[in-house]
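Please walk through the following model with the sequence and the coordinates side by side.

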Amino acid sequence: MDSKYASVGKEKENKKSFENNSLHKVKKMKLCYENNVNPTKENQKESNVNGVKQNNGLNNNSSNDIPEDIQAVRKTLPVYVVRGRLLEEIKKHNTMIIMGETGSGKTTQIPQLIYEQQLESKFVIAVTQPRRVAAITLALRVAAEMKTEIGSIVGYSVRFEDVTSPTTKVKYLTDGMLLREAVADPLLKRYSTIILDEAHERTVNTDILFGIVKLAQKDRKEQKLNPLKVIIMSATMDVDAFRNFYDNCPVIYLEGRTYPVTIYHSKMRHEDYQYAAVCTIFQLHATTPANHDFLVFLTGQEEIETVLTNIKQIAKESPGPPIKVCPLYAGLPASKQLQVWKKTPPGMRKIVLATNIAEASVTIPEIKFVIDTGVVKERTWCTSTGAERLAVRACSQAAGWQRAGRAGRTAAGAAYRLYTARDFAARLAHNAPEIVRCPLTSSMLMLIATGMDPSTFPLIDSPPRDSIQASLLLLKELGAIDNENDPKLTILGKKMTAFPIDPKYSKVLLCAPEYNCLEEALSLVAVMSSENVFHTPLHKREEALKVKQKFISPLGDHITLLNVYKAFCKAPLKKQWCKENYLNHKNLSYAYEVRSQLLSVCQRLNLPITSCGNVLDQLLKCLLSGLFTNCAWARSGAGGAGAGGAGGARYVTSAGAAAALHPAGVLHCARPPPAAVLYTELLHTKRSYLVTVSAVQPQWLQQVAPEFARRCRSNR
DNA sequence: GAGCACTGC
């Protein structure tokens, strides 16, 4: 049998020849799939009926797009048809779960139904979303349906943008925003109803809100305040976990409206999913009409760029219509992301190579075929050393359904899974919720600030004990709480909660007045709070590194970042300037916004905004006062700092982990290598690396964190 | 001398 998977699996050595001249092989391969599952109810998050899109904001989704017969469309929604019964149930119960497939209209219609029932009420209905774009577009949509101005009866609240007024009664907001509000008012008194939407995504914030609203309900009852209605909305998933958490509350199922997606599994296992993806692309390419666009799920930038190069090469000699290949990942500059939404001319095929960004955050219309490699890059975290690890892993079944659902948004489609049906069946039904696998320092601080006890706080899934312990210990070391067993916020801790950033960074800002460097600290923390500002395309690496030289400071990566930020602020034509300097305009602009938000918090706290000018030691000491747990010392002896350049130098962190300076850092080649460094991140890839590093004087640690320094000394 | 998925305040 001439199956491609047979050849992929067995002839690993063919990979190279495939990359160079694979046309031959690709051409003669045939599709060989088994087990044609055809689920009619796909997990597809967006509705193609009610027109609500969740995208990255690149499509201009203004309310002008909404059709005139908006009310007519509303009336065809499944949720509208059953509205009477639904309302009765909602009235009867204070807590309930609504499971609804895509297209049921639950997120746009149910808040309106409730609003119509309590017109005279002075209370607000909150609807949370994990993503800001979703909160914004949903609010715009519902405002249009209700024929009101956005910000009047219907509004939204996301970071950097609050479009609400005292008259707002239906408020769409990100779960992070509601959590912030809960810190100021744990009983959430202004709300009569809180709808937690997309609950199946299980973000840390939603998970914590589950507990907050449960406690608020109980406390409001005890204090004889108006009752709080809680509605959990979710796509089909493990409903038992939610039901158990909410004392067996009722569950309502709503029908959805989606086009069928046919699922194909590969017949055999194979080791090289990149190769399999390219094979599948060209088989489909040769046999399907040009206007059928493809969406391919891959793991990251480098992989996407490699596959893209392969496709372009093979396409030159391959039969089939002309191809337009679009990469799509979060780090890609927005102008290049836009290509994905541009209509291709008739007779041309679009192939989108995307990371997980296309799984839920961003929607590409008119995708006919999804090619699912079945893998995802995931970040995990080690509680004892603080090391983070990025690894490619098999994604869950839920993710598989989600990806498949991306085909046939506008018509019936198909999904090709590059793994076997048996492999699929063996996978986890869902990924572990975020809360059990990420650092909790920030969330713990918020929780303590609301007056809750972290040890008894109700959660659907509890994080590992040592994860909680590690977070509390760090908060204690930062001086945010008085003790770890029955933690209470200190004055410093209270101030720290005012900042929407990592507590380590808030500590830096709060210490900055001591070092006369709040101006610089604000800029640096803002840049550190956003994503990588350097954009390094695979084949223009050399040039990108050359351009970077002018920003480099011998003091290390932090001051280099500060230089980049300062230069960005001065540049008159920022977009163009970023392009020329291989910098990410989106991330630098984000840092700019973050800085102004942080500045206003500092002003509210009456912190003196002064500059240290060129005395950058001050800034580094200040940085150390928040990041003192991120210290590493050069190991003495063979292979240590003395041997060769810093590139070979080995370091050991305060937690005792061995690591080297990351080669992309500016201190990597410093000679002699610094004896002590401060790092932002400890990342394990092939080896352990210290990422974003500055040289510090060993005695500084004693000055800024004497207690911690003592403990480090006794451990070393 | 490596190479980093995605959200959110």
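How much space lies in the second largest pocket? The second largest pocket holds about 830 Å³ of space, where a pocket is, on a 1 Å grid over the protein atoms alone, an open set of points where a 1.4 Å probe fits, with protein on both sides within 12 Å along at least five of seven lines, and where the volume is the space filled by probe spheres set on points that are joined across faces, edges and corners. This is a predicted model, in which local features need pLDDT of at least 70 and side-chain atom pairs count only at pLDDT 80 or more, while totals for chains, interfaces and linings use all residues. Residues are numbered from 1 along each chain as its sequence is written, chains are lettered from A and ligands numbered from 1 in the order in which they are written, and side-chain values use heavy atoms, with hydrogens and water left out.

The lining of this pocket, meaning residues with an atom within 4 Å of a point, comprises 28 residues, and Leu-332, Pro-333, Ser-335, Lys-336 and His-535 lie nearest the centre. Helix 24 (574-580) is among the elements that supply at least two residues of the lining, and with four residues it gives the largest share; helices here are DSSP runs of H or I of at least four residues and strands are E runs of at least two, numbered from the N terminus. By residue type the lining divides into 14 nonpolar, seven polar and seven charged, with Ala, Val, Leu, Ile, Met, Phe, Trp, Tyr, Cys and Pro counted as nonpolar, Asp, Glu, Lys and Arg as charged, and the others, Gly among them, as polar.

DNA strand B is surrounded by 34 residues, of which Arg-132, Ala-330, Arg-541, Thr-685 and Tyr-689 are the closest, a residue being near the strand if one of its heavy atoms lies within 4 Å of it. Among the polar contacts (pairs of N or O atoms within 3.5 Å), a backbone N or O atom of Arg-132 comes to 2.6 Å from a phosphate oxygen of DNA strand B, a polar backbone atom of Arg-159 is 2.9 Å from a phosphate oxygen, and Thr-355 uses a polar side-chain atom at 3.2 Å. Helix 9 (175-184), helix 13 (301-315), strand 15 (375-381) and strand 22 (688-695) each give two or more residues to this surface, and helix 9 has the largest share, three residues.

The record places "domain: Helicase ATP-binding" at residues 87-255, a span that is 40% helix and 24% strand, with its end C-alpha atoms 16 Å apart.

Salt bridges, each a side-chain nitrogen of Lys or Arg within 4 Å of a carboxyl oxygen of Asp or Glu, number 20. In one of them the side chains of Arg-403 and Asp-372 meet at 2.8 Å, N to O, and this pair links helix 15 to strand 14 across 31 residues.

Finally, the backbone. Most residues other than glycine have a negative phi, and most peptide bonds are trans. The peptide bond from Arg-671 to Pro-672, however, is cis, with omega near -10 degrees, and Pro-672 lies in the loop between strand 20 and strand 21.

Terms used: Polar contact = N/O pair within 3.5 Å; in protein donor to acceptor, adjacent residues only side chain to side chain. UniProt positions renumbered as here; feature names shortened; annotations may be inferred.
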